[in-house]
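Please read it with the sequence and the model at hand.

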Amino acid sequence: MKKRLLALLLAGLLTASMASCISREGERTNPGGVGGTEGEQKPPSSTEDITIPPAPLTWEDADDYIYTTETSVSLRVNVSTVEGSVRVAGATKLHRVKKSATWSQVEYEGTTYYIANDFLTADDLLGEGFAACTPAQTMYATTGVNIRKYASATASISVSIGGLKQNETVTVVAKGESWNKVMLTDDKGNVSFGFVKAEFLSKDPVQGTVDKNYAEYFDACEPKIMYVAEGQYNLRLEPHKDGQIRDTLTVNKEHPVLTLKVNGIGKGDYAEWYRVSYPDAVKEGDPQTYTDCYIHSSCLKESLESTTLEGFLKLYPDFTKCDELTLYVVNTTPMNARKTPVFEGVDNIGATLQPKEAVKVVASGMVGGSLRYIIEYQEGIYYFVTARYLTPNENGEPAPLSLTELLAQYKSFTACTATEVYAIGKVNCYNTPATVDVVPHTLAQGDKATMVAKSSDGIWCIVQVGEDKLFFAGIDRFSEIKPAN
């Protein structure tokens, strides 16, 4: 009993200190790198023999093609359950045959499925409707810019497959409204295609810029890791002696930098510069690629000596110090602790935490809609972890999600005025809006609960049972009037 009270107390402290932070990882699979994962939530494997009433949705016919906008997303055979669903990758092209305000009915590999509109876009990610350039056009980059896998700047599905320096040429083979499709040829003559924002390409070179090969000003060195000094974020595609921040490779709060691999040391006029390999954003399991760029020596340091939390947080202003809290890795899988908040690739894995391992949480922040924690791994050494895979339970039992976290995870649900309701019969309560074999809680006829949220399709609701337990249940299983015995 004492352990349970302690776990509840810790859960309460965690909720109070992190109330402003929201997790939006939803049902997405989020595989980690070498040595562990950031966790994975799999769809249930079977259903309970129960009939869910048809969704009260207003459908209209459609005949168009849309694309998925998440790295991994479920296609459902039924709106109200994930049983039998299949997962597809980002930028998957789907034929839409019907649509409602919140859902679309699509055809995929000869089968009809349903998918929430939140995970779709009508943008032509593959450029199939672009106007072909006959002949192909040679255009110039107006600044340093990424070449994307798809016609989208959403990094989760459209990773960078290369980059252009200012005034570097590229072959444009087709044009859309805001993106151009470009042809790339490697050293072996292999041809591939990518996309560049049209606003960053011009028919003529930009005038008055430095445009030359800097290789002669840098001596190659054995690759070594160096660390970004506090408060320094600017990587440049060209090393400008005048100190202008021009042709800057974008390194923002979603993609911060802590470590860089130095592969060249400047000489002559550029003696105070380093040439570094910046890791491109790639999907887990794909080969890591790099972009060569430059950074001034004042922005780097040789070693990552112990530092204060305050000094570390200067590198990541989106994170806020919190009261120290001991949490435990959930007992289902190891978890990677990252050197930066970017959970892509393997270069920034600092350590692999084992199930039930205790960690000290010292700060929190949001990255890409997901709540991350900063933990003090060793004295003066700080790493990032995914908040949802830590728990106050020392046995590693996952902590229940708060209403705020549930609403962020299930976007089709909206909070409603808390209303006392009564079960009109036996009610099965679930941890997800799906009828599955495992029923963690049941209500008998006449049992009271508090309805706190409803799904947009009118099928499901979230009810609070007791003081702190939240469950999903069929909304038609409740009444505001207590049934007669």
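This is a predicted model: local features need pLDDT of at least 70, side-chain atom pairs count only at pLDDT 80 or more; totals for chains, interfaces and linings use all residues.

1. Strands in the order β6-β5-β4-β1-β7 make up an open sheet of 5 strands, with antiparallel pairing. The edges are taken by β6 and β7 (120–121), each of which has a single partner strand, so one side of each is left without a neighbour in the sheet. Within this sheet, β4 and β5 pair in the antiparallel sense over 4 bridges. K98 stands opposite Q105 in β5.

2. Two loops with positive phi. A91 is not a glycine, yet its phi is positive, at about 65 degrees. This residue lies in the loop between β3 (86–89) and β4 (93–99). E109, likewise a residue other than glycine, has a positive phi near 50 degrees and is found in the loop between β5 (103–108) and β6 (111–116). Is each of these two residues buried or exposed? A91 has a relative accessible area of 8% and is therefore buried, whereas E109 reaches 67% and is therefore exposed.

3. A cis peptide bond. The bond from T134 to P135 is cis, and its omega is near 0 degrees. P135 belongs to strand β8, which covers residues 131–141.

4. Charges over rings. The charged end of K93 sits over the ring of Y65, at 4.6 Å from the ring centre. A second contact of this kind involves K181, whose charged end sits over the ring of F193, 5.2 Å from its centre.

5. The surroundings of F193. This residue is placed in strand β13 (residues 191–197). Its relative accessible area is 40%, so F193 counts as partly exposed. Together with M183 and V191, F193 forms a nonpolar patch on the surface, and the three have about 250 Å² of accessible area together.

6. Aromatic pairs. How many aromatic pairs does a search of the whole structure find? The search gives 12. One of them joins Y217 and Y270: the ring centres are 5.0 Å apart and the planes stand at 65 degrees, so the pair is edge-to-face. Y217 lies in the loop between β14 (201–202) and β15 (218–228), and Y270 in the loop between β18 (259–266) and β19 (273–279), so the pair ties together parts that are 53 residues apart in sequence.

7. The cluster around that pair. Y217 and Y270 belong to one aromatic cluster with F218 and Y294.

8. Strands β29 (residues 413–423) and β32 (residues 448–455) pair in the antiparallel sense over 7 bridges. Y422 has K448 in β32 as its bridge partner.

How values were computed: Residues are numbered from 1 along each chain as its sequence is written. Side-chain values use heavy atoms; hydrogens and water are left out. Two strands pair if DSSP finds at least two bridges between them. Rings of Phe, Tyr and Trp (its six-membered ring) pair if their centres lie within 6.5 Å; planes under 30 degrees apart count as stacked, over 60 as edge-to-face and the rest as tilted. A charge sits over a ring if NZ of Lys or CZ of Arg is within 6 Å of the ring centre and within 35 degrees of the ring normal. Patches are made of residues with over 30% relative accessible area and no salt bridge: like charges are joined within 9 Å, nonpolar side chains (Val, Leu, Ile, Met, Phe, Trp, Tyr) within 5 Å. Accessible areas come from the Shrake-Rupley method with a 1.4 Å probe; for residues, only the protein chains shown count as cover. A salt bridge is a side-chain nitrogen of Lys or Arg within 4 Å of a carboxyl oxygen of Asp or Glu. Buried means under 20% relative accessible area, exposed over 50%, partly exposed in between (1.4 Å probe, protein chains only).
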